[in-house]
Amino acid sequence: MEELKDIFKNLRNLGQEVLETAKHRLKLSTLFDVFTEKVIPTFVSEKELKDYYEKRMEEVNEFIYKI
């Protein structure tokens, strides 16, 4: 019976850790979104960003084809 209590306690603790990790990642994602949408455009033009991301996508595609 005591072992069963320990198992449920461990499962609850694991669930809480997963929830905290998910919350933390959501916060980071939100901060990253704000940064990319608000901060970057203030010092980089939209054309430069577009050119950069097009180049990066080409590199990613080339990498995928090589695999």
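The chain's secondary structure comes to two helices and zero strands, where helices (H or I, at least four residues) and strands (E, at least two) are DSSP runs numbered from the N terminus. This is a predicted model, so local features need pLDDT of at least 70 and side-chain atom pairs count only at pLDDT 80 or more, while totals for chains, interfaces and linings use all residues. Residues are numbered from 1 along each chain as its sequence is written, and side-chain values use heavy atoms, with hydrogens and water left out.

**Surface and burial**
- Of the 67 residues in the chain, 1% are buried, meaning under 20% relative accessible area, with exposed over 50% and partly exposed in between (1.4 Å probe, protein chains only).
- The chain has an accessible surface of about 6800 Å², and carbon and sulfur atoms hold 62% of that (Shrake-Rupley method, 1.4 Å probe; for residues, only the protein chains shown count as cover).

- Phe8 sits in helix H1, residues 2-43, and counts as exposed because its relative accessibility is 54%.

**An aromatic pair**
- Searching the whole structure turns up one aromatic pair (ring centres within 6.5 Å; planes under 30 degrees apart are stacked, over 60 edge-to-face, the rest tilted).
- Tyr52 and Tyr53 form this edge-to-face pair, at 5.2 Å centre to centre and 75° between the planes.
- Tyr52 counts as partly exposed at 45% relative accessibility, and Tyr53 counts as partly exposed at 47%.

Key: Rings of Phe, Tyr and Trp (its six-membered ring) pair if their centres lie within 6.5 Å; planes under 30 degrees apart count as stacked, over 60 as edge-to-face and the rest as tilted.
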